[in-house]
Amino acid sequence: MNNYHGIIFAYKSYPELRELVAERTAASLPICSRYRLIDFALSSLRNAGIVDVGVIMQRDYQSLLDHLGSGKPWDMSRRTGGLRMLPPFGLPAHHRGDYSGTIEALNSVASYIEDIPKKHIVLMIGNLCANINLREVCRVHEESDAEITAVCANYEPDVLHNRYVVGEDGYVMQVLFDRIGPSQGSMPALECYIINKDTLLRLMDRCRALDKYRFHQDAISMFLREGGKMGTYIHRTYARVIKDVDGYYAANMDLLDPANRASLFPASRPVRTKLESGVSTYYGTEATSKNSLVADNCIIEGTLENCVVFTGVHVGKGSVLKNCIIMKDGVVGTDTRLDYVIADKDVTFSSNLAITGTQRLPIVVPKGAEV
Amino acid sequence: MSKTCIAMLLAGGQGSRLYALTQDVAKPGVPFGGKYRIIDFPLSNCTNSGIDTVGVLTQYRPQQLNSYIGSGQPWDLDVDDGGVYILPPYQTAGEKGSWFTGTANAIYQNISFIENFDPENVLILSGDHIYKMDYAEMLREHLNHNAALTIAVQQVSLEEATRLGIMSTGGDGFISEFEEKPAHPKSDLASMGIYIFNWQKLREYLIADENDPKSSKDFGKNIIPAMLSAGERLWPYRFSGYWRDVGTITSLWDANMDMLSTTLINLYDPAWPIYSRSPVCPPHFTGESSSVVHSIISEGCEIYGRVENSVLSPSVKVGKGATVLYSVLMPGAVVEDGASVEYAIIGERTVIHQRAHVGSEPDGSESWGVATCGPDIQIKEGAAVPAGAMVYTGEEV
């Protein structure tokens, strides 16, 4: 038995994800032909042998519940421990709005956290597209005398994010909040932490007393101000935190690059997901497919170029799809042209259409729509 | 608790006519049609037909099959009061245990297993057929006709009939005669090797057959003729859908090619899914220079070359400038840059190194055939494997 317990934050929707989060949270966004975003956090935990995991959710979690099921695909269906869904249960009755910060989300499940029989807790966000070698992070955490170890990236995110200024001794000196673009002498946070359980409970308590609930601005700042030791681990392969449509689109397109796929799907740490019944994909006699990722159970009779296609999609003869993301069970009739289109689940495009978005502004077609 | 019907799946056959492909795995464990193994078809048929108890009789090279079937979860056969059971031959105290000596003997040795479920009927299946069949419908006919045995039959040409077990029916529709591989067939109804027996009857005949030293302990040769001559009610269940025996290299290759046509057998029908144990892999990728036409591609594949009229299992790699035509590539096979594979079956994890060639198109000659490479073989750079060749694991080419 290892000494780690996972907590995944899956309650955020991010308004800039627009139609894509109308009926789901960011953590259950379908990505890369067959996965949900949360699969990366779950698989990172599973591949480090951490199978006791709580998933904090607040609303619109039906799709997430359906995806997680008993946790079996991640070996998290256990006799003791395993996967636990954590919808709000510790909140006062008058509480209506969203959690006003990560710490409030944690406080809403405080009794669950108090009962965790492990020494360390891994905190992860559900909307991080990265395969993090948590076994290594755990080792680094144990070898240091830090109470918190933060996972940082060596890429420059194009969305608002927090950064750490690290001193010569390797410990974090300062947090820079809500930055965009690179800045010298600091590293972007991937919002993945290993924190000692006692430290976390102490910070939750202190924040509740002050009625301040933001993780970085309040809890981490307080921790550092009081001389707490926070180490870092640099994740050097592919990573992207997805908070808006641009980022979602870019992440899918990133995966058309074999180097990115190799870093996200290493053979030694596979990304696991819900099982689908398996029939292979059929390419018709007039099909063409270039630079595209296609899941199983599709019938492709037209042309794909730079596309990410999910399970159960049917592309009719003469149709040409370029730079598109077509989610599960999408149907494209014959002789239809789509360019820069993101089609949510169960979208039907009739024949002889032409829909063109742009790279800066891909067209998002909501779930179940008939075009 | 008593069950109306349980299934016993005969999966012990070596499949010696598949040669290199069954060196390490029993025939039912051979990959098929992209995502599947042959045994997925009978197992999925059971689940889709509401049969939740399946005994799988294994004997030859059972390790891969055992781990593939596991708890039966991929086929929804991990149920509390039934499920899938692997049944190898075993020894009993005081007696000398033995290998299964025939199909009937395999069931005879598992009478006590069957009795655990106290079934009214037992469905006997073989693990080397590709088909979708609703056993519940067959069971209904069996019960409606109050038959001791119902045999699934298919209409075949008279030429084919000489190679199969052929049934003649009397005026009442029941089976009146059964001939194994007749030179002059009297009927065109061939047995598909799928039987539903009334369990009490079967038990009686199995015990009698076991005590007959002259018997070869086989359903087709002994049990069925014995029941016929005793005047039991044998009903033919007529099945007209797709059904193929994949016991030889040619028939295995043919049946794989059939999967490219949704009119012969539709694997995309959500009402009758064929389940399989899926490996964990990312979606398949078709590169900038690739061309994929009239083919089946599975997850985890990376295609940079040309693939036509072929069936690719998960995690197959086809390099730049490589060609794959009319071929079956099993899981993890690799065709490196500039290599070609035509009219061939390539076993699991076998690597066709750069500029090597395997197989060739039919030239009309007698000696032509599908080229076959077993699993875990390295075909060296620039090497050539001729049409009809059979390369075994461990051989150097």
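A salt bridge here is a side-chain nitrogen of Lys or Arg within 4 Å of a carboxyl oxygen of Asp or Glu. The legends below describe a predicted model, in which local features need pLDDT of at least 70, side-chain atom pairs count only at pLDDT 80 or more, and totals for chains, interfaces and linings use all residues. Residues are numbered from 1 along each chain as its sequence is written, chains are lettered from A and ligands numbered from 1 in the order in which they are written, and side-chain values use heavy atoms, with hydrogens and water left out.

**View 1. Salt bridges where chain A meets chain B.** Let's start with K35(B), whose side chain meets that of D296(A) in a salt bridge with N and O 2.5 Å apart. Three salt bridges are found across the interface of chain A and chain B. Polar contacts (pairs of N or O atoms within 3.5 Å; within protein, one must be able to donate a hydrogen and the other to accept it, and residues adjacent in sequence count only if both atoms are side-chain atoms) link 23 residue pairs between the two chains, both residues being at pLDDT 80 or more.

**View 2. The face of chain A that touches chain B.** Contact (heavy atoms within 4.5 Å) brings 35 residues of chain A together with 35 residues of chain B. The size of an interface is often given as the accessible area lost when the parts come together. Here the buried area (the accessible area, with a 1.4 Å probe, that two parts lose on being put together, summed over both) is about 2800 Å², and carbon and sulfur atoms give 52% of it. Look for S280(A), Y282(A) and Y283(A): they supply 20% of the area that chain A buries against chain B, more than any other three residues.

**View 3. A strand pair that crosses between the chains.** Helices (H or I, at least four residues) and strands (E, at least two) are DSSP runs, numbered from the N terminus, and two strands pair if DSSP finds at least two bridges between them. β16(A) pairs with strand β14 (residues 284-286) of chain B in the antiparallel sense, over three bridges. Within this pair, L293(A) stands opposite F285(B).

**View 4. The parallel sheet of chain A.** Five strands of chain A form an open sheet with parallel pairing, in the order β15-β18-β21-β24-β27. At its edges are β15 (288-290) and β27 (354-356) of chain A, each pairing on one side only. Three bridges join β15(A) to strand β18 (residues 303-305) of chain A in the parallel sense, and S289(A) has L304(A) as its bridge partner.

**View 5. The six-stranded sheet of chain B.** Chain B has an open sheet with parallel pairing and the order β15-β18-β21-β24-β27-β30. Its edge strands, β15 (291-293) and β30 (384-385) of chain B, each have a single partner strand, so one side of each is left without a neighbour in the sheet. Strand β27 (residues 357-358) of chain B runs parallel to β30(B), joined by two bridges; H357(B) has A384(B) as its bridge partner.

**View 6. A hairpin in chain A.** Strands β9 (residues 161-166) and β10 (residues 172-179) of chain A pair in the antiparallel sense over five bridges. H161(A) stands opposite R179(A). Five residues lie between the strands of this hairpin, and G170(A) takes a positive phi near 85°.

**View 7. A salt bridge within chain A.** R24(A) and D344(A) form a salt bridge, their closest N and O atoms being 2.8 Å apart. R24(A) lies in the loop between β1 (4-9) and β2 (30-31) of chain A, and D344(A) in the loop between β25 (341-343) and β26 (348-349) of chain A, so the pair ties together parts that are 320 residues apart in sequence.
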